[in-house]
Amino acid sequence: LFLFDEPLSNLDAQLRDDMRVEIKRLHKELKRTMIYVTHDQIEAMTLADRIVLLREGEIEQQGSPLDLFERPATRFVAGFLGSPKMNFLPATASKDGVTLSDGTELPLAGRVAPKAGQAVILGIRAQHIGLAGKSVAKGHARLPAVVELVQPTGSRVHVNLPIGGTSIVAELDAHDVSRPGEKMNIDIDMTRAILIDPQTD
């Protein structure tokens, strides 16, 4: 059994990347159980076969990295995993979807909605928001937006947009947007959105 307690926390970014690869390789070669403690969600996602996510000493959720990323049980888990972090929009369940605080209606892509009128938190990852194409794909919702802030990261760009009275972040291709104030239509993949009970914060 190998125990690692924040082994990469004092290294620079490039060396951390290199050492993650080395640790992953060692794990594969040695075929031994490794318990790895980290506050870095990238390390947790890339190194783990199974993640046990703790909050104030209690287990919040456990499972495979993809389970926690795609099916977070609470807002804490949803916000911890993923970069940029998940967008959270206050909403109210309606007959066929959710209604945002400014009255914007979004469908739930065929899933069973909570009881109409129930308060929910809609979780949408930046990667599931894209520049609108010629047609709306099944399960997607199209909305107009005005760019508030542009943060280039290289091949991708993080864009802040006001949706439903909340500023959210979308991750787009680098050349999809160039400046704040630009008007655009976005498509939200509602098949990948999650609903969170506000009581589970």
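**Entry one: the model.** I am working with a predicted model, so I read everything below as computed from its atoms.

**Entry two: E5 and E6.** I began with strand E5, residues 87-93, and found that it pairs with strand E6, residues 97-100. The sense is antiparallel, and the pairing runs over three bridges. Which residue of E6 stands opposite Thr 92? I found Thr 99 there. The link from E5 to E6 is a hairpin through three residues.

**Entry three: E6 and E7.** Next I followed E6 onward to strand E7, residues 105-107. E6 and E7 also pair in the antiparallel sense, over three bridges. I looked up Val 98 and got Leu 106 in E7 as its bridge partner. Four residues lie between E6 and E7 in their hairpin. I checked the turn as well: Gly 103 has a positive phi of about 95°.

How many aromatic pairs does the structure hold? I noted two. One of them joins Phe 76 and Phe 80, with 6.3 Å centre to centre and 20° between the planes. That pair counts as stacked because planes under 30 degrees apart are classed that way. Both residues belong to helix H4, residues 75-80, and sit four residues apart, about one turn of the helix.

Last, I looked at Phe 69 and found the charged end of Arg 125 over its ring, 3.9 Å from the centre.

Technical notes. Residues numbered from 1 in each chain as written. Predicted model: local features only at pLDDT ≥ 70, side-chain atom pairs only at ≥ 80, totals over all residues. Heavy atoms only, no water. Pairing = 2+ DSSP bridges. Phe/Tyr/Trp six-rings, centres within 6.5 Å; stacked < 30°, edge-to-face > 60°. Lys NZ or Arg CZ within 6 Å of the ring centre and 35° of its normal.
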